[in-house]
Amino acid sequence: VFALKTAMEGGKDSIEPNLPRARQQHHVFAFDKSVGLFGGVPFSNDVIIGEIRENEGFVEWHVANVGGNAPTPRRNCHACAHEGQLLVYGGFDVGGKQLDDIFMLDTKAEESEWKWQCLYMSDMLWIGAHRVRSLGVVSKGKLVVLLGAKGAAPCEEIHVLEYEKLLELTTVNGKMAEQIIEDLAAVQTFLKTESDVLNQEIPSAAANAPAGDDEDV
């Protein structure tokens with residue numbers, strides 16, 4: 001809203017070239033001195049960042065280059081920024097299928113190192129086709145989901161998932177990942193070397209084996 005109002009009041013020449021195009025059913029989150037947009041229609045899994053420049057009176061927008069396992073493009077998802085971590089839960093994909101998954105993006109790292117991480121994903125069988133999520137919120141390391149039947153009460157059940165425990169089980173920090181890659185490369189080199197040595201030694205040993213003495217008949 002701040003960016004659009006500033007652009008409109010400043011006239012045509014004040015509109016930034018990277019201003020996000022019109023969208024709906026998306027999610028807006030705030031972190032540090034920036035705001036972000038994710039999801040919505042038109043469908044995209046881009047993370048669009050707006051750096052708020054209060055002194056200059058505008059927001060500078062750009063699409064973040066995020067690696068990792070990106071979420072499926074979706075609309076009407078639940079998302080929030082908690083202690084520098086963007087959490088995205090559920091929503092509906094391009095075909096209208098309801099999604100039951102959680103993705104995390106750690107915005108505390110340098111933006112060039114941002115990577116999506118999937119913390120949880122299910123086939124939706126536990127929710128059922130006759131029920132819909134009326135709300136999903138994150139609080140103190142827990143995801144709270146309210147379920148209700150279509151056309152009935154908006155909240156019939158409350159489900160809680162402790163996503164921080166999933167994060168502890170699935171997180172591999174940068175240095176650990178680098179060490180794993182180095183160790184695997186070293187093992188691969190060792191196995192190749194041993195294989196080459198064996199391939200050379202076996203024919204050589206067969207060729208140099210002493211011939212058996214002829215037995216007297």
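**View 1. The largest nonpolar core and the residues that touch the most other members.** Of the 14 residues in the largest nonpolar core, those in contact with the most other members are Phe29, Phe38, Val47, Ile49, Leu86, Val88 and Trp116. A nonpolar core is here a set of buried Ala, Val, Leu, Ile, Met, Phe, Trp, Tyr and Cys residues joined through side-chain atoms within 4.5 Å, where buried means under 20% relative accessible area, exposed over 50% and partly exposed in between, with a 1.4 Å probe and protein chains only. Two or more residues of this core come from each of β1 (27-31), β3 (47-53), β7 (85-92) and β8; such strands are DSSP runs of E with at least two residues, numbered from the N terminus. Apart from this core lies another, of nine residues, including Tyr89, Ile102, Met104 and Val145. The model is a predicted one, in which local features need pLDDT of at least 70 and side-chain atom pairs count only at pLDDT 80 or more, while totals for chains, interfaces and linings use all residues. Residues are numbered from 1 along each chain as its sequence is written, and side-chain values use heavy atoms, with hydrogens and water left out.

**View 2. The surroundings of Val47.** With neighbours within four places in sequence left aside, Val47 is in contact (heavy atoms within 4.5 Å) with Phe29, Leu37, Phe38, His62, Val63, Ala64, Val66, Leu105 and Trp116.

**View 3. The aromatic cluster of Phe38, Phe103 and Trp116**. Rings of Phe, Tyr and Trp (its six-membered ring) pair if their centres lie within 6.5 Å, and planes under 30 degrees apart count as stacked, over 60 as edge-to-face and the rest as tilted; by this rule there are two aromatic pairs. The pair of Phe38 and Trp116 is tilted, because the ring centres are 5.5 Å apart and the planes stand at 55°. Since Phe38 lies in strand β2 (residues 34-38) and Trp116 in strand β9 (residues 115-121), this pair ties together parts that are 78 residues apart in sequence. Phe38 counts as buried at 1% relative accessibility, and Trp116 is buried as well, with a relative accessible area of 4%. Phe103 and Trp116 form an edge-to-face pair, 6.5 Å centre to centre and with 90° between the planes.

**View 4. The open sheet of four strands**. The strands follow the order β1-β2-β3-β4 with antiparallel pairing, two strands being paired if DSSP finds at least two bridges between them. β1 and β4 (58-64) are the edge strands, each pairing on one side only. Seven bridges join the antiparallel strands β3 and β4, and Arg53 stands opposite Phe58 in β4.
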